[in-house]
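Trainee: I have the file open and some time to go through it. Can we take it piece by piece?
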Amino acid sequence: MKYDSIRDFIAFLESKGELLRITREINRDLEITELTDRVSKSPDGKALLFENVRGFKTPVLINAFGSFKRMAWALGVENVGEIADQIGNLIKPDLPESFIEKIKMLPKLVEMAHYPPKIIKSGPSQEIEEKPNLDSIPILKCWPGDGGRFITLPLVITKDPDSGIRNVGIYRMQAYDSQTTGMHWHAHKGGAKHFLVSREKGIKRMDVAVAIGADPATIYAASAPLPENIDEFIFAGFLRKRPVELVKCKTIDLEVPANSEYILEGYLDTSELRKEGPFGDHTGYYSLSDNYPVFHVTHQTRRSDPIYPATVVGKPPMEDCYMGKATERIFLPILKMQLPEIVDINLPIEGVFHNLAFVSIRKTYPGQAKKVACAMWGLGQLAFTKIIIVVDDDIDIQNTSDVLWRLGNNVSPRRDMMIVDGPIDALDHASPSPLYGSKVVIDATKKLPEEGHQREWPDSIKMSDDVKKRIDEIWSQLGF
Ligand SMILES: Cc1cc2nc3c(=O)[nH]c(=O)nc-3n(C[C@H](O)[C@H](O)[C@H](O)COP(=O)(O)O)c2cc1C
Ligand SMILES: [Mn+2]
């Protein structure tokens, strides 16, 4: 892994011609969004470094992850599929039979935890210590209807008060004033769980540390849907093939990346909630304002010359889409391990990850599509998938028009749709109540007699191979 920090990644992007420095004065309120949005919606849009943000010396980095190529580079590879292959190899189902062979496998299986974070004495993220002053950071107001300015790419670090196991998640933070922010972790997320456990245990002050800027693999790891009780810094170590270096916070008992740009140290009062939002969100809609915990920043450290990494979300495609697509690829081998009939999954970016999933399966028995959907709804953040479309594996589900063709042709709605009630993503505004609502699987596979289909099922149309071959031979002579 080439990068120790976000600035290493910036230098790499620049060497590849993938960074645009913007030296003209730009307003952090709305103007950065309008520019970023246009770049995100254009082919080959670059990473942007705003070097002259009105009223600030600090440059603002945006869109560093905002393409398939840059997202792969962020993880030290040319294609995110390489990471999926590494994970696939770690969890291969064909475990060797003999005892000796099994012992030999062990080092491979622990490779995931092979690079636990390493605590070092000091790091650039603590070069300067100062009183908390969020006004010194060029925090963005993204969209006209936003309830205020928001820190959009923070790594929020908490510990389970029972087990001491760390969680790192990206949860946006509304800056209420120079030392207070919101803490917008949804009810289902790791930080929210730690908050609830702390409250139940009667802990009034829950320590929280926030890192702004880290090496790019660590930032990605904080967005990844890891199972509960897996430290995202261990996963980051696996991605980096090198431990994440941490330093101890100056005033609280938490550790933070040594190479961050800014560190905010503080606490939540477990009895305090405050209105947060609205915020122009990655769904392309404003997420409604709601009550969330309040982060009191009590101490701040930073580099002597910090860069402020942020992101702007909105109607897709935006930067977060490429992080989500990386997750789709990286976690597919783990999904397949639990559901071996799954061939591929496509979370189309227009479906904003929790609204729509295409799944292709190797179907061998009746009801299998519905079983796969139910299993997905039981797996971590896939629980929030509102619409799952299942097709047979003879088409490529990365091709949306093929999926729609199957959807139209192979579905008899009354028989092939199953609607269930359950947890729904906190950002869903269509469900009648927050966090709870309905989800549907649409089975677009070929139906079997046991599924109530007694009629003949026709073949899809294909030309015979010998005719294709004959036409191939004469094709170039026909003047097309
Ligand atoms: C740019 C960006 C912003 C995000 N904002 C939020 C947020 O405000 N609240 C939230 O619960 N999840 C947010 N997420 C998603 C979480 O980071 C993600 O679900 C992660 O897996 C949570 O980790 P956890 O399971 O350890 O809580 C955001 C992700 C990205 C990439
Ligand atoms: Mn987690």
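Trainee: Which residues of helix 11 are buried?
Mentor: In this predicted model, helix 11 covers residues 368–377, and its buried residues are Gln-368, Ala-369, Val-372, Ala-373, Met-376 and Trp-377.

Trainee: What covers the buried residues of helix 11?
Mentor: The cover includes helix 10 (332–338) and several strands. Among these are strand 19 (342–346), strand 20 (356–361), strand 21 (387–392), strand 22 (417–423) and strand 23.

Trainee: Before I go on, what is the average pLDDT of the protein chain?
Mentor: The average is 96, and 96% of the residues score at least 70.

Trainee: Where is confidence lowest, and where highest?
Mentor: The lowest is helix 5, residues 99–109, with a mean of 59. The highest is strand 6, residues 149–151, at 99. Where pLDDT is low, the predicted coordinates should not be read in detail.

Trainee: Next, the metal. Which protein donors does the manganese ion have?
Mentor: Ligand 2, the manganese ion, has Asn-167 through OD1 and Glu-232 through OE as its protein donors, lying 2.1 Å from the ion. The two come from distant parts of the chain, 65 residues apart. Asn-167 sits in strand 8 (residues 166–170), and Glu-232 in helix 8 (residues 232–240).

Trainee: Are those two buried or exposed?
Mentor: Asn-167 is buried, at a relative accessible area of 10%. Glu-232 is buried too, at 5%.

Trainee: On to the packing. Which residues touch the most other members of the largest nonpolar core?
Mentor: That core has 57 residues, and the ones touching the most other members are Phe-9, Met-71, Leu-75, Tyr-220, Phe-235, Leu-239 and Ile-330. Apart from that core lies another, of 40 residues, including Ile-32, Phe-150, Met-206 and Val-208. As a general point, nonpolar side chains tend to be buried together in soluble globular proteins.

Trainee: Back to Met-71. What is Met-71 in contact with, leaving aside neighbours within four places in sequence?
Mentor: Met-71 is in contact with Phe-65, Tyr-220, Tyr-322, Met-323 and Ala-326.

Trainee: Now charges. How many salt bridges does the structure hold?
Mentor: There are 35 salt bridges. One of them joins the side chains of Arg-38 and Glu-34, at 2.7 Å from N to O.

Trainee: Why are Arg-38 and Glu-34 about one helical turn apart?
Mentor: Because they are 4 residues apart in helix 2, residues 31–40. Arg-38 is exposed at 59% relative accessible area, while Glu-34 is partly exposed at 38%.

Trainee: What about Asp-416 and Lys-447, buried or exposed?
Mentor: Asp-416 is buried at 2% relative accessibility, and Lys-447 is buried at 3%. They form a salt bridge in which the closest N and O atoms are 3.2 Å apart. Asp-416 belongs to helix 13 (residues 413–416), whereas Lys-447 lies in the loop between strand 23 (436–443) and helix 14 (465–475). Elsewhere, Asp-4, Asp-215, Arg-240 and Arg-242 form one network through salt bridges that share partners.

Trainee: And how many disulfides?
Mentor: The count is 0. Take Cys-321: its closest cysteine sulfur, in Cys-142, is 15 Å away, so the two are too far apart for a bond. Cys-321 is buried at 3% relative accessibility, and Cys-249 is buried at 9%.

Trainee: Last one. Where does Pro-257 lie?
Mentor: Pro-257 is in strand 13, residues 255–257, and is buried at 4% relative accessibility. Leaving out residues up to four places away in sequence, Pro-257 touches Ser-125, Ile-157, Ala-211, Ala-214, Phe-233, Glu-245, Leu-246 and Ile-263.

Trainee: And how far apart are Pro-257 and Phe-331?
Mentor: They are 24 Å apart in space, C-alpha to C-alpha, and 74 residues apart in sequence.

Terms used: Residues numbered from 1 in each chain as written. Chains lettered and ligands numbered in written order. Predicted model: local features only at pLDDT ≥ 70, side-chain atom pairs only at ≥ 80, totals over all residues. Heavy atoms only, no water. Core = buried A, V, L, I, M, F, W, Y, C linked by side-chain atoms within 4.5 Å. Buried < 20%, exposed > 50% of the residue type's maximum accessible area, 1.4 Å probe, protein only. Contact = heavy atoms within 4.5 Å. Donors = N, O, S within 2.8 Å, 3.2 Å for Na, K, Ca; no water. pLDDT = per-residue confidence, 0-100. Salt bridge = Lys/Arg side-chain N within 4 Å of Asp/Glu carboxyl O. Disulfide = S-S within 2.5 Å.
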